[in-house]
Amino acid sequence: MSRGAVRAAQRTTAISQHIMSASTSAPSASEIEPTVKFESNASLRTYILNRPSKLNALDETMLSALRPKIEEWSASDLCGTIVARGVGRAFCIGGDVASVVENASDPATIPKAVEYFKREFEMDYILAALKKPYIAILDGMTMGGGVGLAANAPFRIATEKTVFSMPETKIGYCPDVGGSYFLSRMDGEIGTYLALTSDTLSGRAVFEHGFATHFIPSRRIPQLLDCLAELHQPHASLIDRTIEDLSSEREPNEPPAPFTGAKRVALDIAFRHNTVEDIVKELESLTEIENEEVQKWASDTLAMLHLRSPTSLKVALEAVRRGSKQSLLQVLEMELKIATAFCRGATPDFFTGVEAVLVKKSKDRPQWSPSNITEVSSALVSRFFDPKSPYLADAPSLTLPEELTSGTISNPLKYALPTEEEIGSVVMGSHASGGGLGVRLDELLARFADLRPGKMGVKEKVLEVVQRRCELTDNADGNRVWLKWKHTSKS
């Protein structure tokens with residue numbers, strides 16, 4: 001561990017001890033309750049994260065309770081559907097980072113810090129590989145480790161209370177729990193943007209931008225649970241229809257999705273680059289264009305990136321780019337290596353960030369080291385990825401049930417709105433369901449009405465994508481207007 005990491009670790013240890021000593025008062029009645037509850041109702045099985053005073057932050061005790069029960073349900077013929085919920089204002093705010101950093105600050109307990117990540121990532125994969133329909137109800141804050149529990153569920157339900165974020169670069173860490181997999185598969189460069197900036201999506205936008213598969217009002221959650229309990233060993237398509245029946249159209253007072261139109265075009269242009277320096281340079285140029293909305297967005301984004309750990313930004317970008325070409329299991333193995341390097345002091349920023357942001361709750365920029373992205377060398381980034389890195393020597397691997405690693409996992413986008421890539425494939429005639437090389441807008445809308453029958457938001461999604469990514473071409477007599485896909489390129 002470097003000297004800077006040691007000093008940061010010593011500070012964090014002292015502060016963590018102060019926190020522990022301040023929290024030794026007699027437990028309240030709510031704290032005596034189990035931090036994960038399990039319910040059975042006919043063939044429906046539900047786990048409920050029950051640590052509301054900590055916004056359901058996922059600790060060792062919760063992981064220890066979850067895995068054996070989930071594996072039991074997965075193997076049980078009596079279990080038809082598994083549901084995930086959280087008590088209070090959050091589904092799950094993330095992992096128990098304070099305890100991780102406390103363990104990582106002492107060389108004797110670094111293995112314990114790494115073991116936490118190992119167990120967390122194993123749980124994420126087990127949930128992703130379930131052979132039963134799995135429904136995550138995100139009726140509140142869903143961040144970091146909470147995202148990992150839900151990201152690969154076939155059904156992910158957002159409500160007006162949902163707040164989605166991968167906030168790791170704020171604390172000098174890197175998106176994990178499979179983030180390099182699911183963020184790299186979001187439309188365009190939205191996932192790259194979220195990975196680097198730690199920005200949030202809220203309410204219906206979590207659905208419209210593809211992380212959630214459905215949106216229903218929070219008040220209808222009890223009704224949904226009752227409907228699910230009445231289904232005996234249901235097929236996934238029936239669950240999809242059951243959830244869809246409780247969805248609601250956009251209300252007039254709801255804010256629009258944040259990344260559409262010119263702002264979305266600018267986002268894809270800026271975050272298509274493969275270096276943080278080029279992303280920043282592109283954003284700086286966007287602050288000078290005539291579109292005021294884009295100007296403000298680019299300026300705000302630069303301000304966010306400036307607050308983040310420069311090392312974390314470069315590690316996160318490299319992970320997302322690698323993750324786009326890897327399976328979920330490969331991504332989680334990669335991210336476990338990254339987490340190991342952070343815990344072993346490959347950078348002091350993890351310790352610095354937790355102390356500044358989570359302990360002191362400072363709004364100022366933490367004392368990152370290095371302080372500028374230009375000072376973060378490729379050699380420093382390689383500490384997190386190179387198999388020969390001293391920070392990765394004897395790094396652990398995931399231990400998973402063989403029956404869950406031998407097959408394929410379900411497609412987490414199957415029941416979501418159509419992706420931009422899928423819409424493009426229909427326009428270009430390469431969709432798996434067939435089609436010609438020319439398509440009109442009315443034909444495109446009809447095609448997706450057939451592909452996603454009765455799904456709320458499909459028409460709006462297709463129209464938004466067509467507006468940005470298509471141009472109209474006319475045939476010789478001018479009677480028919482065809483859509484032509486506008487291709488973009490990575491830098």
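**Burial, pairing and packing**

Q: Why is Leu392 called buried?
A: Leu392 has a relative accessibility of 8%. The term requires a value under 20%, and Leu392 therefore counts as buried. The model is a predicted one.

Q: What makes up the surroundings of Leu392, leaving aside its neighbours within four places in sequence?
A: Leu392 lies in the loop between α18 (378-382) and α19 (402-405). Leaving aside neighbours within four places in sequence, Leu392 is in contact with Lys337, Thr340, Ala341, Arg344, Arg383, Phe384, Phe385 and Asp386. Contact here stands for heavy atoms within 4.5 Å.

Q: How far apart are Leu392 and Arg67 in sequence and in space?
A: Along the sequence Leu392 and Arg67 are 325 residues apart, and their C-alpha atoms are 26 Å apart in space.

Q: Why does Glu464 count as buried?
A: The relative accessibility of Glu464 is 16%, and the cut-off is under 20%. Glu464 therefore counts as buried. This residue belongs to helix α22 (residues 458-469). With neighbours within four places in sequence set aside, Glu464 is in contact with Thr260 and Gly261.

Q: How do you know that Thr311 is buried?
A: Thr311, placed in helix α15, has 0% relative accessibility and so counts as buried. Apart from neighbours within four places in sequence, Thr311 is in contact with Thr347, Asp349, Ser369, Pro370, Val376, Leu380 and Phe384. Glu375 is 64 residues from Thr311 along the chain, with 8.9 Å between the two C-alpha atoms.

Q: Why are α8 and α15 called roughly antiparallel?
A: The axes of helix α8 (residues 190-197) and helix α15 (residues 310-323) cross at roughly 150 degrees and come within 9 Å. Angles over 145 degrees count as roughly antiparallel, and the two helices therefore receive that description. In handedness, α8 passes α15 in a right-handed crossing.

Q: What makes up the contact of α8 with α15, by class?
A: On the α8 side are Thr192, Ala195 and Leu196, which meet Leu313, Ala316, Leu317, Val320 and Arg321 in α15. By class, this contact has 6 nonpolar, 1 polar and 1 charged residues.

Q: How do you know which strands stand at the edges of the open sheet of 6 strands?
A: The strand order is β1-β2-β3-β5-β7-β10, and the pairing is mixed. β1 (36-41) and β10 (214-215) each have a single partner strand, so one side of each lacks a neighbour in the sheet.

Q: What makes β5 and β7 a pair?
A: Strand β5 (residues 134-138) is joined to strand β7 (residues 155-158) by 4 bridges. At least two bridges are needed for pairing, and the 4 bridges between β5 and β7, which run parallel, therefore meet the criterion. Within this arrangement, Leu138 stands opposite Ala158 in β7.

Q: In what sense do β3 and β5 pair, and over how many bridges?
A: The pairing of β3 and β5 is in the parallel sense, over 3 bridges. Ala84 stands opposite Ala136 in β5.

Q: Why is β5 described as largely enclosed?
A: The count is 5 buried residues of the 5 in β5, so the strand is largely enclosed by the rest of the structure. Tyr134, Ala136 and Leu138 point one way from β5, while Ile135 and Ile137 point the other way.

Q: Which helix lies across β3, β5, β7 and β10, and at what angle to β7 does it run?
A: Helix α11 (residues 236-244) lies across these strands, among them β3 (81-86), and runs at about 5 degrees to β7.

Q: What makes β4 and β9 the edge strands of their sheet?
A: Their sheet is open, has 4 strands in the order β4-β6-β8-β9, and shows mixed pairing. β4 (90-92) and β9 (200-202) each have a single partner strand, so one side of each is left without a neighbour in the sheet. From one strand to the next, the twist averages 20 degrees.

Q: In what sense do β8 and β9 pair?
A: Strand β8 (residues 163-165) pairs with β9 in the antiparallel sense, over 3 bridges. Ser165 stands opposite Thr200 in β9.

Definitions and conventions
Residues are numbered from 1 along each chain as its sequence is written. This is a predicted model: local features need pLDDT of at least 70, side-chain atom pairs count only at pLDDT 80 or more; totals for chains, interfaces and linings use all residues. Side-chain values use heavy atoms; hydrogens and water are left out. Axes are lines fitted to C-alpha atoms, for helices over the stretch in contact, and angles run from 0 to 180 degrees between N-to-C directions. Buried means under 20% relative accessible area, exposed over 50%, partly exposed in between (1.4 Å probe, protein chains only). Angles under 35 degrees count as roughly parallel, over 145 as roughly antiparallel, 65 to 115 as roughly perpendicular and the rest as oblique. A crossing is left-handed if the near helix is turned anticlockwise from the far one by less than a right angle, and right-handed if clockwise. Ala, Val, Leu, Ile, Met, Phe, Trp, Tyr, Cys and Pro count as nonpolar, Asp, Glu, Lys and Arg as charged, and the others, Gly among them, as polar.
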